[in-house]
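Please report on the contacts between the chains of this model, then on some of its local features. Keep it brief and give the values.

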Amino acid sequence: MSKLKQVLILGGLVRFVIPTVLPQIVSILSSINEISTPVNSFKSLQEAFYYLRHNINLYDGGVNHNPPLLVVLLSLFDDFLPQPLSAIAFNLIYTLIDLYITTILLKLNKWYNEHNSKRLKKELTGFNDDLIASFYLFNPLIILTNLSHSTSVFTFLFITESLNQLLIRKNVWRSMIALGLATYLSFSPVFLVFPILALAKTALFKKDAKEIYFEGGAIFISTLGLLFLCSFATTASFQFLDSCYGTIIMFNKISPNLGLWWYIFTEMFQFFTPFYIGIFNLYSSIFILPLTLRLYEFKTTAPVGDSFLAVVLSYIWISFTKSYPTVGDLAFGLSLLPIFKATVFPYCKFTFIYGLTLLVCLFLSPIFYYCWIVLGNGNSNFFYSINLIWGAVHIFIIMDLLWGKLTYDYIVENKIPEGDREKLRLTQI
Amino acid sequence: MLVIPVVIYILSLLTAIIADPNVVTTDEAETIISESRHTNNWAVLVSTSRFWFNYRHMANVLSLYRTVKRLGIPDSQIILMLSDDIACNARNAFPGTVFNNMDQALDLYGDSIEVDYRGYEVTVENFIRLLTDRWDPDHPRSKRLLTDENSNIFIYLTGHGGNEFLKFQDAEEIGSYDIADAFEQMHEKKRYNEIFFMIDTCQANTMYERFYSPNILAVGSSRLDESSYSHHSDMDIGVAVIDRFTYYTLDFLEKVDKDSKQTMDKLFDVYTYQNVHSNPGIRTDLFKRDVSKVLITDFLGNVQNVVVDDVEKDILYNANHDEKGEVLAQNESKPIVSYSTIQISFDSEDDSHVLTELSPEFQRLAGLLTLLFVLALWLTAKQA
């Protein structure tokens, strides 16, 4: 059996067997606020199932921030299967989602290497398939997110499917439908529209700009519109908009998580709250377009730029500025990074440093949370300091990858020969 | 002819009483409530002496404070007036404590006592003002006697006294006529239901001789020309720690707890010459109830008489049915009523913005239809 199959089976077994054998691990992990936030926790989903079963308006309680279609469709598994089977069904669903995402990642890896080999006119081989698969399947943060049955896994699925449809199947429309679904499930993928459309333009040479941008944008908006209307039909009210998206945008539920927002809103005077909401939302959106434009693969110049990197870096930026981030968000971004092994990573300078910073964060965050909440001998500042460092890890990754990419672009553009590349000292590109 | 309805009436009363203990007839309820018409209890505990050697007066008052709190009167309804700081007196060998017994078993000072008037705030003027509630508008509520016509008040005074006077702060005195007039003002202003007045000083009985308002039960520790004595001294503290009268009062009250049915006459039986070494007096002529039927907790505790009514307890039933038992319409929202420039609107609790009620089956069906729509969209979005 090939190594890839072994990796896939092992990854699938881990995700299926552990929650089946230890059902309480799901609820333990759902309560850890680095792994699941009120917006994407499995517990709120189960609460929503209960509301649905008892004919209570899903958004009355203020607990449920999942969109109505997700709740309604998943409740079919919950209600029509007797109790132990429904938990196993959910385990199966999450396992299959992760395995599917892995297979797409393998295809993306292959596409990337082929695409850049063609562009740069040299043979690029990235990591092997089984390594790419294990970077995703055995990433402990991804495993934790999956075991906690957080609903952000569905968002990962649809983002990945969007990239799959775009790059492998060369279908912009379906890619936009998938992105619309991802946005419907959680608000933040909406910012990925620009990088993905830019990637569409660079990856699919045959299409012209109008077709891709306008049609793609129109399909995205109409998918969202269709989904909102169907949600309205399902719940007979537009309350879900405030619960699902209003919570994320206006940060209605101020609970401690791994993000940067909550501390500002607990410690700041209320007079400044609207200002900070505006600033944070502006921050989320403002860097996407510059990243996309800087890394765009313009045809007129030498083969510089990397729109796929723009997508990944935009995703990591979104994870940085999200109102309710989890470890899964960064982990998903991290599992996309090995795809760039051949092009960007040789020029990344301090991977070791932010790798260690990431580990330190992961150790200290639960400890400081425990000190603050349970023991009472720490305070929120300890925990928030680790959140700041968590954000710093995102920024390190973006910085390092950007600098590596720009260094590589310089090399390609100025055709620096092999021998001189290590001696290169660039200060301003 | 009249016998039959009377018999039926008596039988129905009997069956009501015997059958279901929860069902109370109106007459029963009235008798229960009329036994003692008070609904709340207050206590005014005053010590009037200064200086270290009057340790026992402070201990008297604090012991009764403790008893009264133990039997349920909350701090918000106790006015504690301590004229001097004994616990933190420089001569106190056990600083921060006040004991009422040689065995030092109980620290009366503790860490949860609330003194309302302390030191030089304990004056005759403040005492009279307290009783009659004639204060400046900015006098704090916690230092006022906020009683009404359903309040039973327990008033305890201790210190040095004499023939129709009680010495305050070694500088002034209050007379028996002053207290009597203050009580009459309280009666006129309907500030008490019943007063239990206890005074432990020398020649204490003279202090209550001048009362003329109704519903006052008064107890004093000694007669005219008699002194009241202290009980014992603590050799380590160096002074007497409790007075005899209060000692025997406490001795009796320590056996009383919140649900006790002990009556006042049992308390008065404790006041013998052998115990207190003086002739305590009890004045009951102004008090219309029989002392043997008055509970201790009527004055020293905070026990309310509760009559349990037979009401539907299920909240969900009450929320969904009206008084006649008919089902209420869901999501009732009442209209806006406009009274000239003021608009009053009563919004129902659950204004859920939902257009119609949808059953879960319909919602699931709608979800599946959406899934089909999206799948159809997906399948038709085939690009060449």
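One salt bridge is counted between chain B and chain A. The model is a predicted one. The partners in the bridge are the side chains of B:Arg364 and A:Asp79, with 2.1 Å from N to O. B:Arg364 supplies a nitrogen and A:Asp79 a carboxyl oxygen, and the pair qualifies because the cut-off is 4 Å. On the side of chain B that touches chain A, 15 residues are nonpolar, eight are polar and three are charged.

How many residues of each chain are in contact? On chain B there are 26, and they touch 36 residues of chain A. Putting the two chains together buries about 2500 Å². Carbon and sulfur atoms give 64% of that area. Three residues stand out on the chain B side: B:Arg364, B:Trp378 and B:Gln383 supply 33% of the area that chain B buries against chain A, more than any other three residues.

| Property of chain B | Value |
|---|---|
| Residues that count as buried, of 384 residues | 46% |
| Contacts joining residues at least 24 apart, among those at least 6 apart in sequence | 71% |
| Accessible surface | about 20700 Å² |
| Part of the accessible surface that belongs to carbon and sulfur atoms | 55% |

Chain B has eleven helices and 14 strands. One of the helices is H4, which covers residues 124-132. Which residues of H4 in chain B are buried? They are B:Val124, B:Asn126, B:Phe127, B:Leu130, B:Leu131 and B:Thr132. An α-helix has 3.6 residues a turn, so residues three or four places apart point the same way. Just after H4 of chain B comes B:Asp133, with a positive phi of about 60°.

A:Met399 lies in helix H19 of chain A, which spans residues 380-413. Is A:Met399 buried or partly exposed? Its relative accessible area is 44%, so A:Met399 counts as partly exposed. A:Cys348 is 51 residues away from A:Met399 along the chain, yet their C-alpha atoms are separated by 9.3 Å.

Notes: Residues are numbered from 1 along each chain as its sequence is written. Chains are lettered from A and ligands numbered from 1 in the order in which they are written. This is a predicted model: local features need pLDDT of at least 70, side-chain atom pairs count only at pLDDT 80 or more; totals for chains, interfaces and linings use all residues. Side-chain values use heavy atoms; hydrogens and water are left out. Helices (H or I, at least four residues) and strands (E, at least two) are DSSP runs, numbered from the N terminus. Buried means under 20% relative accessible area, exposed over 50%, partly exposed in between (1.4 Å probe, protein chains only). Contact means heavy atoms within 4.5 Å. Accessible areas come from the Shrake-Rupley method with a 1.4 Å probe; for residues, only the protein chains shown count as cover. Buried area is the accessible area (1.4 Å probe) that two parts lose on being put together, summed over both. Ala, Val, Leu, Ile, Met, Phe, Trp, Tyr, Cys and Pro count as nonpolar, Asp, Glu, Lys and Arg as charged, and the others, Gly among them, as polar.
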